[in-house]
Amino acid sequence: MPGAPDKLLKQNKDEKTLQIYKNEIKKKVTNLARVSQSETFKIIQNWFNSIDIISSLNSLPKLQFKYIDKLKTIYKRKLKREKDNISDNTKKEYSDILLIYIKLLFYFDKEKRVLKLLKDEEEYINVNECLKICNNKKSVEAAVYLYKYIGDEKNALKTCLDRIKQNYNDIKKFGYSIDERNDNLFKEMKLLIDESIDIYKNYSENTESLKNRKNNHW
């Protein structure tokens, strides 16, 4: 019955009994969502924190995405309010939220939003974990950005070259005819070649600058 669990939680004042109800809701959240996703979302939002409930929503990606999207907004406001004194715990929780959010963006084929998110939230992202996700999903653009962000030009360049090689082999395999698929592959190759040149130039300039500083020091 929609709204019944929410009323039950509101009416109960005993902390121990309240926790028992919440544990039962976590176990039955999938069944609740089948009755009403909107009411389930209200219960989650009102009575649970991010750590308590997120993993219980793994089998409900749409609801999980909606919840994470809301949480992200809440945490952004919190980070803004506490900008001069953000706790490590808050940073860690937000970092975990962003990881799940990125996984869900890939799940719902919203890859283009991943790169923007990484740029907007680079202060809070867990780079190593994000790289695992992006490499697993073969998201070259996002992976290259992260490698460049941590100064790993070698892997950034390797990622570009590997995709260029893959695209070239695909074009050879399916013929050199000009169709939409090959046209997209050629366009991506061009972008990756330009990116590779920029990475090499920046790496060369940084190496030369470091060499000059060492020579001047001595």
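I worked on a 1 Å grid over the protein atoms alone: a pocket is an open set of points where a 1.4 Å probe fits, with protein on both sides within 12 Å along at least five of seven lines, and lining residues have an atom within 4 Å of a point. The model is predicted, so local features need pLDDT of at least 70 and side-chain atom pairs count only at pLDDT 80 or more, while totals for chains, interfaces and linings use all residues. Numbering runs from 1 along each chain as its sequence is written, and side-chain values use heavy atoms, without hydrogens and water.

Entry 1, second largest pocket. I read its lining as Asn135, Lys138, Ser139, Val140, Ala143, Tyr147, Asn155, Lys158, Thr159, Asp162, Arg163 and Gln166. The space is about 230 Å³, a volume being what is filled by probe spheres set on the points, which are joined across faces, edges and corners. Which helix gives the most to this lining? H11 does, with six residues; helix H11 spans 153-174, and H10 also supplies at least two. Helices here are DSSP runs (H or I, at least four residues), numbered from the N terminus.

I noted about 560 Å³ of space and a lining of 17 residues, with Leu115, Val140, Glu141, Glu188 and Leu191 nearest the centre. Helices H8 (111-120), H10 (140-149) and H12 (180-217) each supply at least two lining residues. H10 gives the most, six.
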